[in-house]
Amino acid sequence: LDGPDFAWKGPDEEARKQVAVSTIRKIQEADVMVGLFGANLWNSLVMRSGSILVELKAPYGYCGNENGRTLSSHNHLSF
């Protein structure tokens with residue numbers, strides 16, 4: 001995503017809080033989130049119940065851990 005809401009707004013604490021709140025609101029408004037296997041899927045914790053989470057994985061180096069499935073089940077998301 002790009003635009004002024006996702007750009008660094010400066011070094012002050014209030015600006016960082018505004019960016020964080022704006023990002024969380026956009027995630028909460030999303031019907032679908034698509035992400036690569038990994039820690040960034042934790043953003044799905046703020047998604048609405050019933051939203052869809054799509055986790056993309058590469059076949060190499062896969063350890064069998066399914067972050068997306070675990071997060072989805074705890075947050076009532078479709079996976």
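In which sense do strand 1 and strand 2 pair, and over how many bridges? The two strands pair in the parallel sense over 5 bridges, where pairing requires that DSSP find at least two bridges between two strands.

## Basis of the model

The model is predicted: local features need pLDDT of at least 70, side-chain atom pairs count only at pLDDT 80 or more, and totals for chains, interfaces and linings use all residues. Residues are numbered from 1 along each chain as its sequence is written, and side-chain values use heavy atoms, with hydrogens and water left out.

## Overall architecture

The chain contains 2 helices and 2 strands, in the order α-β-β-α from the N terminus on. These elements are DSSP runs numbered from the N terminus, with helices (H or I) of at least four residues and strands (E) of at least two. Of the 79 residues in the chain, 25% are buried; buried means under 20% relative accessible area, exposed over 50%, and partly exposed in between, computed with a 1.4 Å probe and protein chains only.

## Helix 1

Helix 1 (13-29) has 17 residues and reaches 25 Å from its first C-alpha to its last, close to the 24 Å expected at 1.5 Å a residue. The expected span is 1.5 Å times one less than the number of residues.

Ala 15, Val 19, Ser 22 and Ile 27 are buried in this helix. Seen down the axis of helix 1, its buried residues fall within an arc of 135°, so they line one face of the helix; the arc is that of the directions from the helix axis to the C-beta atoms.

## The strand pair

In a regular strand the side chains alternate between the two faces of the sheet.

Across the pair, Met 33 stands opposite Leu 53, and the bridge partner of Val 32 is Ile 52. Ile 52 counts as partly exposed because its relative accessibility is 37%.

## Nonpolar surface patch

Val 32, Val 34, Leu 36, Ile 52, Val 54 and Leu 56 make a nonpolar surface patch of about 500 Å². Strand 1 (32-36) and strand 2 (52-56) each supply at least two of its residues. Patches are made of residues with over 30% relative accessible area and no salt bridge; like charges are joined within 9 Å, and nonpolar side chains (Val, Leu, Ile, Met, Phe, Trp, Tyr) within 5 Å. Accessible areas come from the Shrake-Rupley method with a 1.4 Å probe, and for residues only the protein chains shown count as cover.

## Salt bridge and connecting loops

A salt bridge is a side-chain nitrogen of Lys or Arg within 4 Å of a carboxyl oxygen of Asp or Glu, and the count by this rule comes to 1. Asp 31 forms a salt bridge with Arg 48, the closest N and O atoms being 2.8 Å apart. The pair links distant parts of the chain, 17 residues apart: Asp 31 lies in the loop between helix 1 and strand 1, and Arg 48 in the loop between strand 1 and strand 2. Asp 31 is exposed at 53% relative accessibility, whereas Arg 48 is partly exposed at 37%.

Asn 43 is also found in the loop between strand 1 and strand 2.
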